[in-house]
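Visitor: I am new to this structure. Could you walk me through how to read it?

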Amino acid sequence: MTDIRASNRNAALRAVVGILVLAALAAVLLLVASEDLYNWIKAFHVIAVIAWMAGMLYLPRLFVYHAGAEKGSVQSETFKVMERRLLRAIINPAMTATWVLGLWLAWKGFGFQGGWLHAKIAAVLAMSGLHGYLSAAVRKFDEDRNEKPARHWRIVNEVPTLLMIAIVILVIVKPF
């Protein structure tokens, strides 16, 4: 039980540090970046979104296979390493960059105005909530505490796709 509490404290600390880093990066970008960088920032935002989405689509798929692996097996331990690395090296930094750059673009390009933009931000918040859910699942799998069947992870695997479709339509079509 002590290991679980320590793990939860470490996760909470990482989340707080992540939020502080996000806020600091956003503040620097808001204060320093000029209008001349708009297209470069948009390009890096799209790259970050692609990386984030790749991870968000792949991680639940890893969970599908991991849920079927015997706890303590070589296969299960391999999945743990893959999941941790994917989350920490790709998904978390990509989400941070997506938010920092996206907020700057929303401010500089649109002044945070437009129904489509508000709906997009709501969808990105939902994606971020899913990110948090998947992060907690990585921790549970790492501690051999996953209780969800592979079927659950197959369904969860579709959620990022649906959110991505909504976000892309909102950005490209701007329906309202």
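Visitor: Which residues is Leu59 in contact with, leaving aside its neighbours within four places in sequence?

Guide: Contact means heavy atoms within 4.5 Å. With those neighbours left out, Leu59 is in contact with Glu83, Leu86, Leu87, Ile91, Leu134 and Val138. This is a predicted model: local features need pLDDT of at least 70, side-chain atom pairs count only at pLDDT 80 or more, and totals for chains, interfaces and linings use all residues. Residues are numbered from 1 along each chain as its sequence is written, and side-chain values use heavy atoms, with hydrogens and water left out.

Visitor: How many residues has the largest nonpolar core?

Guide: First, the idea. A nonpolar core is a set of buried Ala, Val, Leu, Ile, Met, Phe, Trp, Tyr and Cys residues joined through side-chain atoms within 4.5 Å. Buried means under 20% relative accessible area, exposed over 50%, partly exposed in between (1.4 Å probe, protein chains only). Here the largest core has 27 residues. Trp52, Leu59, Phe63, Leu134 and Trp153 have the most contacts inside it.

Visitor: Which elements give two or more residues to this core?

Guide: Helices (H or I, at least four residues) and strands (E, at least two) are DSSP runs, numbered from the N terminus. The contributors are helix 2 (38-67), helix 3, helix 4, helix 5 and helix 6 (159-173). Helix 4 gives the largest share, 8 residues. A second, separate core has 5 residues, including Tyr38, Ile41, Leu101 and Leu105.

Visitor: Now the charges. How many salt bridges does the count come to?

Guide: Side chains of opposite charge can pair when their charged atoms come close. A salt bridge is a side-chain nitrogen of Lys or Arg within 4 Å of a carboxyl oxygen of Asp or Glu. The count is 4. In one of them, Lys80 pairs with Glu77, with the closest N and O atoms 2.9 Å apart. Both lie in helix 3 (residues 74-110), 3 residues apart, about one turn of the helix.

Visitor: Is Lys80 buried or exposed?

Guide: Lys80 is buried, at 6% relative accessibility. Glu77 is partly exposed, at 36%. Lys80 also forms a salt bridge with Asp144 (3.0 Å, N to O). Lys80 is in helix 3 and Asp144 in the loop between helix 4 (115-142) and helix 5 (150-156), so this pair ties together parts 64 residues apart in sequence.

Visitor: Where do Arg84 and Asp142 lie?

Guide: These two form a salt bridge, Arg84 to Asp142, with the closest N and O atoms 2.4 Å apart. Arg84 is in helix 3 and Asp142 in helix 4, 58 residues apart. Arg84 is partly exposed, at 25% relative accessibility.
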